[in-house]
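Here is a short briefing on the structure shown below. It covers helix packing, the nonpolar core, confidence and a few selected residues.

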Amino acid sequence: MYRSPNPLVEKSRLKLVESLNARLADGLDRWTQIKVAHWNVKGPHFAALHPLFETFAVALAAFNDQVAERAVTLGGLAQGTARHVAQASRLAEYPQQTTRDLEHVRLLAERFEAYVAALRETRALAEKEGDTDTVDLMTQVVTEFEKNAWFLRASLE
Ligand SMILES: [Fe+2]
């Protein structure tokens with residue numbers, strides 16, 4: 001572990017860095033999956049979904065950067081190469097042959113809900129370790145991706 005401006009003890013920072021890196025791996029994997037959906041979506045809802053998926057990708061890219069930088073601020077390293085992510089992500093692989101608009105919506109909704117559940121695990125750890133700033137960051141991402149999951153679920157109902 002490296003020096004950090006954060007006052008938490010090293011043991012706590014190490015646990016948080018590990019959890020943040022797990023969320024970074026999931027988040028980078030999810031970003032590629034959203035882009036695959038953005039590129040391959042076809043059907044009557046194309047005009048709405050193609051740009052909607054891009055807004056998800058843009059939001060997630062910004063959050064991935066913040067999660068990585070939080071890990072480094074806490075004295076760790078951010079692990080994010082494609083090969084590392086392929087081994088570390090807990091996300092189910094995206095069926096890349098999918099084209100049907102509402103099938104992409106369903107696949108992304110499932111993945112956003114799993115992502116939010118994992119973010120809550122990291123938030124609970126941050127609460128336990130007394131890291132309010134990581135709690136706040138996780139809350140921002142949870143709020144955004146719960147809303148995005150709702151956009152998708154609303155399209156299916
Ligand atoms: Fe595009």
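**Helix packing and core**

Helix 1 and helix 4 cross at roughly 165 degrees, and their axes come within 10 Å. An angle over 145 degrees counts as roughly antiparallel, so helix 1 and helix 4 are roughly antiparallel to each other. The model is predicted, and its protein chain averages a pLDDT of 96.

**Helix 1 with helix 4**
- Helix 1 passes helix 4 in a left-handed crossing.
- Eleven nonpolar residues take part in the contact of helix 1 with helix 4, along with seven polar and seven charged ones.

**Helix 1 with helix 2**
- Helix 1 spans residues 10-40, and helix 2 spans residues 46-73.
- The two pack at an angle of about 160 degrees, with their axes 9 Å apart.
- That angle makes helix 1 roughly antiparallel to helix 2.
- The crossing of helix 1 and helix 2 is left-handed.
- The contact of helix 1 with helix 2 has 15 nonpolar residues, five polar ones and five charged ones.

**Helix 2 with helix 5**
- The axes of helix 2 and helix 5 come within 11 Å.
- They cross at roughly 165 degrees, so helix 2 and helix 5 are roughly antiparallel to each other.
- Helix 2 passes helix 5 in a left-handed crossing.

**Nonpolar core**
- The largest nonpolar core has 38 residues.
- Ile 34, Phe 53, Leu 108, Phe 112, Val 141, Phe 145 and Leu 152 touch the most other members.
- Helix 1, helix 2, helix 4 (101-129) and helix 5 are the elements that give two or more residues to this core.
- Helix 4 supplies the largest share of this core, ten residues.

**Confidence**
- In the protein chain, 100% of the residues score a pLDDT of at least 70.
- Confidence is highest in helix 2, at a mean of 98.
- Confidence is lowest in helix 5 (residues 132-156), at a mean of 96.
- Where pLDDT is low, predicted coordinates should not be read in detail.

**Residues in helix 2**
- Ala 61 is found in helix 2.
- Ala 61 and Thr 32 are 29 residues apart in sequence. Their C-alpha atoms are 9.9 Å apart in space.
- Arg 70 is also found in helix 2.
- Arg 70 has a relative accessible area of 15%. The cut-off for buried is under 20%, so Arg 70 is buried.
- Arg 70 and Asn 21 are 49 residues apart along the chain. A distance of 9.6 Å separates their C-alpha atoms.

**Residues in helix 5**
- Thr 139 has its place in helix 5.
- Thr 139 is partly exposed, with a relative accessible area of 29%.
- Thr 139 and Leu 119 lie 20 residues apart along the chain. Their C-alpha atoms are separated by 8.2 Å.
- Arg 153 lies in helix 5 as well.
- Arg 153 counts as partly exposed, at 27% relative accessibility.
- Arg 153 and Leu 28 are 125 residues apart in sequence. From C-alpha to C-alpha, they are 22 Å apart in space.

How values were computed: Residues numbered from 1 in each chain as written. Predicted model: local features only at pLDDT ≥ 70, side-chain atom pairs only at ≥ 80, totals over all residues. Heavy atoms only, no water. Axes fitted to C-alpha atoms, helices over the stretch in contact; angles between N-to-C directions. Helix = DSSP H or I, 4+ residues; strand = E, 2+ residues; numbered from the N terminus. Parallel < 35°, antiparallel > 145°, perpendicular 65-115°, else oblique. Left-handed = near helix turned anticlockwise from the far one by under 90°. Nonpolar A, V, L, I, M, F, W, Y, C, P; charged D, E, K, R; others polar. pLDDT = per-residue confidence, 0-100. Core = buried A, V, L, I, M, F, W, Y, C linked by side-chain atoms within 4.5 Å. Buried < 20%, exposed > 50% of the residue type's maximum accessible area, 1.4 Å probe, protein only.
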